Amino acid sequence: MTQPAREGDGVARGYLQLCSDLRFHRATMLAFEEATGLAADGYWIEARPGGAPSWADNTRAARLAHRRGAVYMGWAAHGDECLGFPGDSNDRIGDRLVSTLRKRAEEFPKATHIGLFAHGGEVHVITPGRG
Ligand SMILES: [Zn+2]
(Lines give C-alpha, C1' and ligand atoms only; values in the text may rest on other atoms or scores of the structure.)
Protein backbone atom coordinates (compact mmCIF):
# COMPACT_ATOMS: atom_id res chain seq x y z
CA MET A 1 0.00 0.00 0.00
CA THR A 2 1.33 3.39 -0.90
CA GLN A 3 -0.02 6.50 0.74
CA PRO A 4 -1.37 9.30 -1.43
CA ALA A 5 1.26 11.94 -2.02
CA ARG A 6 0.89 15.12 -0.06
CA GLU A 7 2.08 18.60 -0.80
CA GLY A 8 5.67 19.30 0.11
CA ASP A 9 6.68 15.66 0.47
CA GLY A 10 9.17 15.77 -2.38
CA VAL A 11 7.17 13.52 -4.68
CA ALA A 12 7.32 14.62 -8.31
CA ARG A 13 4.14 16.09 -9.69
CA GLY A 14 2.95 17.05 -13.12
CA TYR A 15 0.36 18.77 -15.19
CA LEU A 16 -1.20 17.72 -18.47
CA GLN A 17 -3.33 19.77 -20.83
CA LEU A 18 -5.17 17.76 -23.45
CA CYS A 19 -8.17 17.50 -25.75
CA SER A 20 -11.32 16.12 -24.19
CA ASP A 21 -11.84 13.84 -27.23
CA LEU A 22 -13.23 10.50 -26.10
CA ARG A 23 -10.91 8.55 -28.43
CA PHE A 24 -7.68 10.07 -27.20
CA HIS A 25 -7.81 11.39 -23.64
CA ARG A 26 -7.08 8.09 -21.89
CA ALA A 27 -4.30 7.06 -24.28
CA THR A 28 -2.74 10.51 -23.92
CA MET A 29 -2.79 10.28 -20.13
CA LEU A 30 -1.20 6.82 -20.18
CA ALA A 31 1.53 8.01 -22.56
CA PHE A 32 2.19 10.99 -20.26
CA GLU A 33 2.50 8.67 -17.27
CA GLU A 34 4.85 6.40 -19.18
CA ALA A 35 7.02 9.28 -20.41
CA THR A 36 7.30 10.94 -16.98
CA GLY A 37 7.06 8.07 -14.53
CA LEU A 38 4.25 9.91 -12.75
CA ALA A 39 1.49 7.95 -11.05
CA ALA A 40 -2.09 8.29 -12.22
CA ASP A 41 -2.74 10.53 -9.22
CA GLY A 42 0.51 12.44 -9.57
CA TYR A 43 -0.60 15.15 -11.96
CA TRP A 44 -3.29 17.69 -12.65
CA ILE A 45 -5.17 17.74 -15.93
CA GLU A 46 -7.03 20.34 -17.92
CA ALA A 47 -9.05 19.34 -20.95
CA ARG A 48 -11.23 20.91 -23.61
CA PRO A 49 -11.79 20.44 -27.33
CA GLY A 50 -8.58 21.24 -29.21
CA GLY A 51 -6.30 20.49 -26.28
CA ALA A 52 -3.19 22.54 -25.55
CA PRO A 53 -3.17 24.56 -28.82
CA SER A 54 -6.72 25.78 -28.13
CA TRP A 55 -5.49 28.07 -25.34
CA ALA A 56 -3.73 31.20 -26.61
CA ASP A 57 -2.15 31.78 -23.21
CA ASN A 58 -1.21 29.66 -20.26
CA THR A 59 -4.02 28.98 -17.81
CA ARG A 60 -4.72 29.41 -14.15
CA ALA A 61 -4.62 25.63 -13.74
CA ALA A 62 -1.18 25.45 -15.35
CA ARG A 63 0.15 28.25 -13.14
CA LEU A 64 -1.38 26.66 -10.06
CA ALA A 65 0.15 23.27 -10.86
CA HIS A 66 3.52 24.87 -11.56
CA ARG A 67 3.40 26.72 -8.24
CA ARG A 68 2.47 23.51 -6.47
CA GLY A 69 5.40 21.58 -7.79
CA ALA A 70 4.59 20.31 -11.27
CA VAL A 71 8.03 19.46 -12.61
CA TYR A 72 6.68 17.71 -15.71
CA MET A 73 4.29 19.63 -17.91
CA GLY A 74 2.58 17.92 -20.83
CA TRP A 75 0.92 19.67 -23.77
CA ALA A 76 -1.27 17.44 -25.90
CA ALA A 77 -3.36 17.47 -29.04
CA HIS A 78 -4.45 14.94 -31.64
CA GLY A 79 -5.19 14.54 -35.31
CA ASP A 80 -7.74 12.39 -37.15
CA GLU A 81 -10.41 15.10 -36.85
CA CYS A 82 -10.45 17.19 -33.72
CA LEU A 83 -13.68 18.99 -32.86
CA GLY A 84 -11.59 21.84 -31.52
CA PHE A 85 -10.11 22.38 -34.98
CA PRO A 86 -12.78 21.21 -37.42
CA GLY A 87 -11.45 20.31 -40.86
CA ASP A 88 -7.80 20.91 -39.97
CA SER A 89 -5.19 18.41 -41.13
CA ASN A 90 -2.98 16.43 -38.76
CA ASP A 91 0.00 18.48 -39.94
CA ARG A 92 -1.67 21.76 -39.16
CA ILE A 93 -2.71 20.69 -35.67
CA GLY A 94 0.73 19.17 -35.08
CA ASP A 95 2.36 22.48 -36.04
CA ARG A 96 0.10 24.32 -33.65
CA LEU A 97 1.06 21.92 -30.88
CA VAL A 98 4.78 22.44 -31.49
CA SER A 99 4.32 26.24 -31.28
CA THR A 100 2.32 25.88 -28.08
CA LEU A 101 4.89 23.54 -26.56
CA ARG A 102 7.71 26.01 -27.23
CA LYS A 103 5.76 28.93 -25.85
CA ARG A 104 4.81 27.17 -22.64
CA ALA A 105 8.35 25.86 -22.17
CA GLU A 106 9.52 29.49 -22.20
CA GLU A 107 6.81 30.53 -19.76
CA PHE A 108 7.58 27.76 -17.27
CA PRO A 109 11.35 27.38 -17.58
CA LYS A 110 11.80 25.33 -14.41
CA ALA A 111 9.62 22.45 -15.58
CA THR A 112 10.44 19.67 -18.03
CA HIS A 113 8.06 19.92 -20.97
CA ILE A 114 6.81 17.26 -23.31
CA GLY A 115 4.37 17.37 -26.17
CA LEU A 116 2.03 14.51 -26.98
CA PHE A 117 0.42 14.20 -30.37
CA ALA A 118 -2.02 11.34 -30.91
CA HIS A 119 -3.16 10.02 -34.25
CA GLY A 120 -3.63 6.70 -35.97
CA GLY A 121 -4.09 4.93 -32.65
CA GLU A 122 -0.70 6.02 -31.28
CA VAL A 123 0.55 8.82 -29.06
CA HIS A 124 3.82 10.39 -30.18
CA VAL A 125 5.97 12.14 -27.61
CA ILE A 126 7.82 15.25 -28.76
CA THR A 127 10.26 17.57 -27.00
CA PRO A 128 10.43 21.35 -27.31
CA GLY A 129 13.76 21.39 -29.15
CA ARG A 130 15.58 24.60 -29.89
CA GLY A 131 15.00 27.67 -31.99
ZN1 LIG B 1 -9.81 17.00 -30.13
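Which exposed residues does the face of H2 turned away from its buried side carry? I began my notes with this question and worked outwards from helix H2.

**Entry 1: helix H2**

I first noted that the model is a predicted one. On the face of H2 turned away from its buried side I found the exposed residues Arg60 and Arg67. I then looked up the buried residues of H2, which spans residues 60-67, and listed Ala62, Ala65 and His66. These three lie on the same side of H2, because they cover an arc of only 100° around the axis. For the cover over the buried residues of H2, I recorded that it includes strand S1 (13-18), strand S2 (43-47) and S3. Just after H2, I noted a positive phi of about 100° at glycine 69.

**Entry 2: helix H3**

I turned next to helix H3, residues 90-107, and counted 18 residues. From first C-alpha to last, H3 reaches 26 Å, close to the 26 Å expected at 1.5 Å a residue. Its buried residues are Ile93, Gly94, Leu97, Thr100, Leu101 and Arg104. Why do they sit on the same side of H3? They do so because their arc around the axis is only 120°. I set beside this the general point that an α-helix has 3.6 residues a turn, so residues three or four places apart point the same way. On the face of H3 turned away from the buried side, I recorded the exposed residues Asp91, Ser99 and Glu106. The buried residues of H3 are covered by elements including strand S3 (70-78), strand S4 (112-119) and strand S5 (122-126).

I located proline 86 in the loop between S3 and H3.

I examined S1 residue by residue and found six of its six residues buried. Arg13, Tyr15 and Gln17 point one way from S1, whereas Gly14, Leu16 and Leu18 point the other way.

**Entry 3: the whole chain**

Finally I looked at the protein chain as a whole. I counted three helices and five strands, and from the N terminus on the elements run β-α-β-α-β-α-β-β. Of the 131 residues, 36% are buried. Among contacts with a separation of 6 or more, 75% join residues 24 or more positions apart. The C-alpha trace spans about 45 × 35 × 25 Å along its principal axes. I compared the radius of gyration of the protein chain, 14 Å, with the value near 14 Å for a compact globule with 131 residues, and noted that they agree.

Key:
Residues are numbered from 1 along each chain as its sequence is written. This is a predicted model: local features need pLDDT of at least 70, side-chain atom pairs count only at pLDDT 80 or more; totals for chains, interfaces and linings use all residues. Helices (H or I, at least four residues) and strands (E, at least two) are DSSP runs, numbered from the N terminus. The expected span of a helix is 1.5 Å times one less than its number of residues. A residue is buried if 20 or more other C-beta atoms lie within 10 Å of its own, exposed if 12 or fewer, and partly exposed in between; C-beta atoms are placed from the backbone. The arc is that of the directions from the helix axis to the C-beta atoms. Two residues are in contact if their C-beta atoms, placed from the backbone, lie within 7 Å. The radius of gyration is taken over C-alpha atoms; the globule rule is 2.2 Å times the number of residues to the power 0.38.
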